[in-house]
Amino acid sequence: MAQPIALSSVPAHPETAAAPAAPAVRVRNFTRRFGQVTVLEDLDLDIGRGEFVALLGRSGSGKTTLLRTLAGLDPADGQAVATPASKAIVFQDPRLLPWQRVWKNVAIGLGGPGVRARAEAALGEVQLGHRLDVWPSTLSGGEAQRVALARALVREPGLLLLDEPFAAVDALTRLRMHELVLALWRAHAPAVLLVTHDVDEAITLADRVLVLDHGRIAAEEKIALPRPRDNDAAFQALRHRLLGHLGVEAPAPRAVAGEGSLVAFPSGEIVA
Amino acid sequence: MSLTAIDRNSIGARWPKLHLSQARWLSPLVLLAIWELGSRTGVVPTRILAAPSTVLITLWSMIVSGELPSNLLVSLARAAAGLAIGLVAGVSLALVAGLSRRGETAIDPLMQIKRTIPSLALTPLFIVWFGIGEAPKITLIAVGTTFPIYLNLFAGIRAVDPRLVEAARSFGLKGPSLIAQVILPGALPAFLTGLRYAMGVALLVLVVAEQINAQAGLGYLINNARDFMRTDIIVVCLLVYATLGLAADQAVRLLEARALAWRPTFLKS
């Protein structure tokens, strides 16, 4: 029962509705080269405060380089890259210190009184309040990644950078992680940049999807679908367009037919 | 402890069955029995090798007379002093070389050159430099133990997962706190491997160093026993050396179980 849904720039979410004048992230004419190879060229990017942006791209499209530059892990070389002072990253692998207990991992780099209480609260938010004092090696992959999420959020970052954080967890865990990330985003309202190669994940989570190709932003789709987002006709249409931007030929959705006729699509993941 | 208790309960009052095919203690016992028999029948003369029973009696009398404890203490003090110096030197050098490129350039080539010279080959030089007192013995142990500590800790520091370092940096750790919270704990397993080697080396060098004109210590006991062809005393001292080696190994194992409690291998046990 597909209903016509406008894919316009109507604000999808109260948090993102009133985008103030100064965005959280502002990048202008950014170029990055490694030797002869130009990874990012003349790139412009704005991310509003509290906006959830997904960055899609094939392997080698420069999406991780862009994330690392925003994180401050790669130098900006004096170019125009403005980001919030407080940033936090969730990497593809959890990167927990195996010799520190879980709550200490969350509290890494934090000082002052009440550190343990803050770490406890953050772990409670990712439903790991019962595993504060265990060693990271006893966690499952999904649990470890939730600890990494708590470690990022305990800092109340103005910008949350997610570098394919769900790529290594199983499909069911990934679905639950999607819900968790959305809940945390609603609660803390950071600007989010999610780097992913999973088109469905980008559509499910983001306010806006950017497609990076050859070091430039090749396409942009604003997503006004209400969350939680079903795999309906509008979803399929968006998916088809995004796959097109990514150079993947997929059969056109015939979903406008009233009886909710879903068309089988190839997997949304782009294998590079 | 709990395991044996469980075993006993499950077996109940019955004796556990003897599985001779798995009795690893059997062949050493058989060897001891043959040795004892050979001594009793005169096939193995006492001046070649004393009987196990004689060795045990000698051991007991040496303990009771205080001869063994006092000399053991002297030897342990030598090993401990040498190991302590080697530990401080090895750790300091490894930290300087491991934590800075300049330090590596300055220190590592020298250490690699020194590594090619067996420490014991320096004995004549040390006797020329330091005479025949305690100094050359302790110096030999110190020099011998510096290297396993240095090499393992240096390699351990350099092998710390760069992804962990990057993540810790991104969460605001830098300088001393990054070293204390990420780099040193990451290098700890390698350091403990080095420490275990160093303890083995300390014992080995101790045995050799104590042959240099010792006035006390296990080496002194052995030298004297050799002069009087007291093979029972020599075997007692060998037993003590073996016990020291076992004890050193056990000490590092205990240290590892405490310091590396986060490792999955220790979590399972």
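The paragraphs below go through the confidence of a predicted model and then through its aromatic rings.

Because the model is predicted, local features need a pLDDT of at least 70 and side-chain atom pairs count only at pLDDT 80 or more, whereas totals for chains, interfaces and linings use all residues. Residues are numbered from 1 along each chain as its sequence is written, chains are lettered from A and ligands numbered from 1 in the order in which they are written, and side-chain values use heavy atoms, with hydrogens and water left out.

The model as a whole scores ipTM 0.81 and pTM 0.80.

A pair of aromatic rings is described by the distance of the centres and the angle of the planes. Rings of Phe, Tyr and Trp (its six-membered ring) pair if their centres lie within 6.5 Å, and planes under 30 degrees apart count as stacked, over 60 as edge-to-face and the rest as tilted. Over all chains, the structure holds six aromatic pairs. One of them joins Phe126(B) and Trp129(B) in a tilted arrangement, with 5.7 Å centre to centre and 35° between the planes. Both residues lie in helix α6 (residues 123-130) of chain B, three residues apart, about one turn of the helix. Phe126(B) counts as buried (under 20% relative accessible area) because its relative accessibility is 6%, whereas Trp129(B), at 53%, counts as exposed (over 50%).

Tyr150(B) and Phe154(B) form a stacked pair, with 5.7 Å centre to centre and 5° between the planes. They lie four residues apart, about one turn, in helix α7 (residues 134-158) of chain B. Tyr150(B) is buried, with a relative accessible area of 0%, and Phe154(B) counts as buried at 11%.

In chain A, Arg95(A) lies over the face of Phe91(A), at 3.9 Å from the ring centre, and the charged end of Arg101(A) sits over the ring of Trp135(A), 3.9 Å from its centre; the criterion is CZ of Arg, or NZ of Lys, within 6 Å of the ring centre and within 35 degrees of the ring normal.

How values were computed. Helices (H or I, at least four residues) and strands (E, at least two) are DSSP runs, numbered from the N terminus. Buried means under 20% relative accessible area, exposed over 50%, partly exposed in between (1.4 Å probe, protein chains only).
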